[in-house]
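Subject: Structure handover

Hi,

Here is the structure we talked about. My notes on what I found follow below it.

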Amino acid sequence: MPLRRSHKKSHHGCLQCKQRRIKCDEARPYCGPCHRKQLACAFQSLLHQWHVATALSLAHEEQLADVVRVAVPREALAYPFLMHSVLAVSALHLSYTGPSERCQSYKEAAIRHNNLSLTLCTPLLSNVTPENCHALFAFSCLTAVFAFGVQGREGLPSAQGLVDVVEVFKMVRGVASVVQQARAWIEQGGMSQLLKIGKLRKRAAGTIYDRELCSHLETFIEEQLRPREPCMHQTINNNNVNAVLLQSANRLLHVLNMYMTMEDPNAILAWPVLLDAQYLDLLLQVEPTALIILAYYGTALHLLFDNWWLDGWGQFIMNLASMRRGSVGDWRISWLVDIIQRDKEFRLRSV
């Protein structure tokens, strides 16, 4: 019996080649086998989705549209990790907007491309250079979008709910890390407009409840957190925890006020970057006050943003907080749940 000819396995091939059980040459924007057979290559269809819909859903500002729609995939031709990130976000977008019977398959494709992207990119994150910084910056932005969006719109907390939230926050913080290392290089390249995304964007439609939320958070800080500032009879550890909680709440109020004044309408999305890392540890420890502050953030996401990739996140976070009923400050969580419900009813009446 003749031996079967061996070949190097393709780990990043398109779905059609995998289904046909043939080797994919992984060419972009569509692979050789699909091109020769005149099949609709998954790469090509997802790139088409990117150009006609997904990119525009991410870049509402005219100045950013060409950067996201054209410059990002052009850069991705030289960096497979970025291409897989583009395809992941496109597939995830289709899981939200495509036919319901295909939502699950699109989401699975999105997760597969995202995993490949992370695998290819991870070794480069410790070696940011003038050449790869533009691709890494775009990848970091898309990874943050994916991390939020992949949770879905159901708003149902999983057994690992707080772990999921902290992991997403770490993804967002990763964007800031790349920018911090390479801002001077990024400013000289084709992705520089992405650094201005908050300054370019007009304020979202918002809600009649956004000022009420700010006022409620300010009262919470004054009544519950400032009295807990360090004092002589507290232990050093308690002093540190209280300081972290106060800082986290104050920075949330700050980014909310930046939204309200239109100084930077997207500032609220940067709140996870401004946090002390110890606050994330407090969340994982289910510290009650840390959870209440998180609930305020979830409410802000629900009220102030209508991006598809944030759909359900406010509710998701609120459901996590609601699971802690009976903890300190429970009435505040109840008020936040109520304001989300009132906002939903108002939006239904406004349709």
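Helices (H or I, at least four residues) and strands (E, at least two) are DSSP runs, numbered from the N terminus. On that basis the protein has 16 helices and 0 strands.

Two points on provenance. This is a predicted model, where local features need pLDDT of at least 70, side-chain atom pairs count only at pLDDT 80 or more, and totals for chains, interfaces and linings use all residues. Residues are numbered from 1 along each chain as its sequence is written, and side-chain values use heavy atoms, with hydrogens and water left out.

Overall picture. Of the 351 residues, 50% are buried (under 20% relative accessible area; exposed is over 50%, partly exposed in between; 1.4 Å probe, protein chains only). Take the contacts (heavy atoms within 4.5 Å) with a separation of 6 or more: residues 24 or more positions apart account for 71% of them.

H16 first. Helix H16 covers residues 330-350, 21 residues in total. Its first and last C-alpha atoms lie 30 Å apart, close to the 30 Å expected at 1.5 Å a residue (1.5 Å times one less than the number of residues). Its buried residues are Arg332, Ile333, Trp335, Leu336, Ile339, Ile340 and Asp343. Seen down the axis of H16, they fall within an arc of 155 degrees, so they line one face of the helix (the arc is that of the directions from the helix axis to the C-beta atoms). The face turned away from that buried side carries exposed Trp331, Leu348 and Arg349. The cover over the buried residues of H16 includes helices H10 (210-225), H14 (288-304) and H15 (313-322).

Now tyrosine 296. It sits in helix H14. Tyrosine 296 is buried, at 1% relative accessible area. Beyond its neighbours within four places in sequence, tyrosine 296 contacts Leu213, His216, Leu217, Phe220, Leu252, Arg332 and Leu336. Leucine 217 is 79 residues away along the chain, yet the two C-alpha atoms are separated by 7.3 Å.

Last, H3 and H5. Helix H3 (residues 42-58) and helix H5 (residues 80-97) pack at about 75 degrees, with axes 8 Å apart (axes are lines fitted to C-alpha atoms, for helices over the stretch in contact; angles run from 0 to 180 degrees between N-to-C directions). H3 and H5 are therefore roughly perpendicular (65 to 115 degrees; under 35 is roughly parallel, over 145 roughly antiparallel, the rest oblique). Residues making the contact include Phe43, Leu46 and Trp50 of H3 and Met83, Val86 and Leu94 of H5.

Best wishes
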